[in-house]
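Subject: Structure handover

Dear colleague,

My notes on what was found in it follow below.

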Amino acid sequence: MSDGRVGDTAEPGAHMSLVDAKGLSVRLGRQMVLSNVSLAIQPGEIVTIVGPNGSGKSTLLRSIIGAIRPEAGTLHLQPGLRIGYVPQKLQLDATLPMTVARFLALPKRPSPGAIVAALDEVGAGALARRQMADLSGGQFQRVLLARALLGRPQLLILDEATQGLDQPGSAAFYALIADIRARLECAVLMVSHELHVVMAASDRVICLNGHVCCEGAPAHVASAPEYRALFGSGTQGALALYRHDHDHAHDHGHDADCGHDHAPKQEAAQ
């Protein structure tokens, strides 16, 4: 195993995951935040990471985008992989006059047409001339999403992007994410504390608590003892909302082994 090695090369023509991490360990100060974490992200899938506070979820995302260097393990990205990142929160000086269009133009100066297209894509086309300081929480998150889409990402990473939104706002945001995934055919990797959203929207769930406790299709993870140990039986109400009614096609060439339970309805595990 190579210590903290990050690579983006592959043999020409070889099939490759968008992200392939093996045995990642991350230490922040004296604390080992992640230990021997492995995961792979395939094109087009929605993967959600769940876990208690302090379990290393944000640290894992920041390692993937290159903001944190792992102490051990290997991390390979598909060559030329375009990543869009929506942070958990972004603090802007409320006294700083800055329009939405100006914010989206920093620092790479995309064309005005690209800015308009990105805002339209997230349903925020009317916000271009609004001041960032005047936006509601939901509008602010849509602008951050538009910023992430400017590079036409192949992988969209969301770190608890609905934190602070009410339930209708959160539901609308995740519906938008599902629509963007379908239109851009990008993969989505997100951290969420909203278990009902995880079960309704994800192709695969990774349960993290410093290490990977369990992973798989939502129904599988919901019934796993490791998941129940972290979240308890009180999550059954949320799990009962899960329905396997995806409207996307599995075109990865391995539908028979996609790991999903394709029963028409999947109630919460008892």
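**Pockets and cavities**

The second largest pocket has a lining of 20 residues, and those nearest its centre are Ile83, Lys108, Arg147, Ala148 and Gly151. Strand 6 (83-86) and helix 4 are the elements that each give two or more residues to this lining. Helices (H or I, at least four residues) and strands (E, at least two) are DSSP runs, numbered from the N terminus. The space in the second largest pocket is about 470 Å³.

Before the rest, two points on how to read this. The model is predicted, so local features need pLDDT of at least 70 and side-chain atom pairs count only at pLDDT 80 or more, while totals for chains, interfaces and linings use all residues. Residues are numbered from 1 along each chain as its sequence is written, and side-chain values use heavy atoms, with hydrogens and water left out.

Pockets and cavities were searched for on a 1 Å grid over the protein atoms alone. A cavity is a set of points where a 1.4 Å probe fits but cannot get out; a pocket is an open set with protein on both sides within 12 Å along at least five of seven lines; lining residues have an atom within 4 Å of a point. Grid points are joined across faces, edges and corners, and a volume is the space filled by probe spheres set on the points.

Over the whole structure, the search finds 2 cavities of 30 Å³ or more. The second largest cavity holds about 30 Å³ of space. Its lining consists of Ile46, Tyr174, Ile177, Ala178, Met190 and Ala201. Helix 5 gives the largest share of that lining, 3 residues.

**Rings**

Arg147, named above for the pocket, also lies over the face of Phe103, 4.6 Å from the ring centre. The rule here is that NZ of Lys or CZ of Arg is within 6 Å of the ring centre and within 35 degrees of the ring normal.

Tyr174, from the cavity lining, belongs to an aromatic pair; the count of such pairs is 1. Its partner is Phe173: the ring centres are 6.2 Å apart and the planes are at 80°, so the pair is edge-to-face. Rings of Phe, Tyr and Trp (its six-membered ring) pair if their centres lie within 6.5 Å; planes under 30 degrees apart count as stacked, over 60 as edge-to-face and the rest as tilted. Phe173 and Tyr174 are both buried, where buried means under 20% relative accessible area, exposed over 50% and partly exposed in between (1.4 Å probe, protein chains only).

Ala172 is also in helix 5 (residues 167-184). Ala172 is partly exposed, at 35% relative accessibility.

**Salt bridges**

The count is 7 salt bridges, each a side-chain nitrogen of Lys or Arg within 4 Å of a carboxyl oxygen of Asp or Glu.

- Arg27 and Glu71 form one, with the closest N and O atoms 3.0 Å apart. Arg27 is in strand 2 (residues 19-28) and Glu71 in the loop between helix 1 (57-64) and strand 5 (72-77), so this pair links distant parts of the chain, 44 residues apart. Arg27 is partly exposed at 38%, and Glu71 is partly exposed at 37%.
- Arg152 and Glu121 form another, at 2.8 Å, N to O. Arg152 lies in the loop between helix 4 (137-149) and strand 7 (155-159) and Glu121 in helix 3 (residues 112-121), so parts 31 residues apart in sequence are tied together. Arg152 is partly exposed at 39%, whereas Glu121 is buried at 13%.
- Asp203 and Arg181 meet at 3.3 Å, N to O. Asp203 is in the loop between helix 6 (195-201) and strand 9 (204-208), and Arg181 is in helix 5. Both residues are buried.

Glu121 and Arg152 are also part of a salt-bridge network with Asp179 and Arg183.

**Cysteines**

How many disulfides are there? The count is 0, a disulfide being a pair of cysteine sulfur atoms within 2.5 Å. For Cys213, the nearest cysteine sulfur is that of Cys207, 4.7 Å away. The sulfur of Cys214 is 4.4 Å from its closest cysteine sulfur, also in Cys207, which is too far for a bond. Cys213 is buried at 18% relative accessibility, and Cys214 is buried at 8%.

Regards
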